[in-house]
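Dear colleague,

Please find the structure below, together with its sequence.

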Amino acid sequence: MKKNLVISLKLTLIMVVICSVLFPVFIAGVGKATPGGGKGETIEVNGKIVGYEKIGQKFTEDNYFWGRPSAVDFNAAGSAGSNKGPSNPDYLKLIQERIDSFLVHNPGIKKEEIPADLVTASGSGLDPHISPASAYIQVKRIASVRNIQEGKIKMLVDEHVQSPIFGPSFVHVLKLNIALDNLK
């Protein structure tokens with residue numbers, strides 16, 4: 001009995017050291033070796049941090065491109081999806097509200113033309129990207145509000161479309177909006 005107790009205590013002590021000291025130190029070291037040193041890849045404008053490469057932001061003004069909606073209101077401390085199925089009445093009501101809001105701010109657009117990623121949240125609720133179609137459908141609104149030719153804004157979107165080797169093309173909303181503010 002005494003022998004088993006000593007072995008159990010030794011094993012417990014070893015596991016405490018591994019799980020509470022060694023593993024966290026290892027993970028912190030891996031984080032320091034990543035871009036941004038474990039603090040995330042920041043996006044700066046004039047030396048000031050305005051956002052992060054992998055975390056979306058809420059844009060609701062008509063003079064900016066809107067990103068995907070967020071189930072967690074873009075709170076990076078609590079990444080999550082909505083966990084509601086496509087037939088859930090609450091979810092369907094929320095989607096309809098997003099569609100109605102988009103149509104009010106983008107007159108001339110038909111409901112069936114709205115890309116799904118402009119009215120549905122991503123799995124993490126923090127997606128900083130939209131599809132190129134979602135960017136192009138907003139060009140007319142932004143051109144009108146900013147009094148800039150639609151062609152200039154379309155060219156700006158063209159410049160910000162990223163096409164990875166695998167997966168669909170996308171547009172980083174914050175970077176596009178920064179470029180939009182710098183458009184002359």
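Please bear in mind that this is a predicted model. I begin with Asp 127, which counts as partly exposed because its relative accessibility is 23%. Its side chain meets that of Arg 68 in a salt bridge, at 3.8 Å from N to O. The pair links distant parts of the chain, 59 residues apart: Arg 68 is in the loop between E2 and H2, and Asp 127 is in the loop between H2 and strand E3 (129–130). Arg 68 itself is buried, with a relative accessible area of 17%.

Glu 53 is buried at 16% relative accessible area, whereas Lys 175 is partly exposed at 29%. Arg 146 and Asp 181 meet at 2.9 Å, N to O.

Helix H6 is largely enclosed by the rest of the structure, because 7 of its 10 residues are buried; among them are Val 173, Leu 176 and Leu 180. The largest nonpolar core has 29 residues, and H6 gives the most to it, with 6. Phe 65 is one of the residues with the most contacts inside this core. Its contacts beyond its sequence neighbours include Ala 135, Ile 153, Val 173, Leu 176 and Leu 180.

Finally, a nonpolar surface patch of about 810 Å² includes Ile 14, a residue of helix H1 (residues 2–33). Ile 14 is partly exposed, at 46% relative accessibility.

Yours sincerely

How values were computed. Residues are numbered from 1 along each chain as its sequence is written. This is a predicted model: local features need pLDDT of at least 70, side-chain atom pairs count only at pLDDT 80 or more; totals for chains, interfaces and linings use all residues. Side-chain values use heavy atoms; hydrogens and water are left out. A nonpolar core is a set of buried Ala, Val, Leu, Ile, Met, Phe, Trp, Tyr and Cys residues joined through side-chain atoms within 4.5 Å. Buried means under 20% relative accessible area, exposed over 50%, partly exposed in between (1.4 Å probe, protein chains only). Helices (H or I, at least four residues) and strands (E, at least two) are DSSP runs, numbered from the N terminus. Contact means heavy atoms within 4.5 Å. Patches are made of residues with over 30% relative accessible area and no salt bridge: like charges are joined within 9 Å, nonpolar side chains (Val, Leu, Ile, Met, Phe, Trp, Tyr) within 5 Å. Accessible areas come from the Shrake-Rupley method with a 1.4 Å probe; for residues, only the protein chains shown count as cover. A salt bridge is a side-chain nitrogen of Lys or Arg within 4 Å of a carboxyl oxygen of Asp or Glu. Lists of a residue's contacts leave out its neighbours within four places in sequence.
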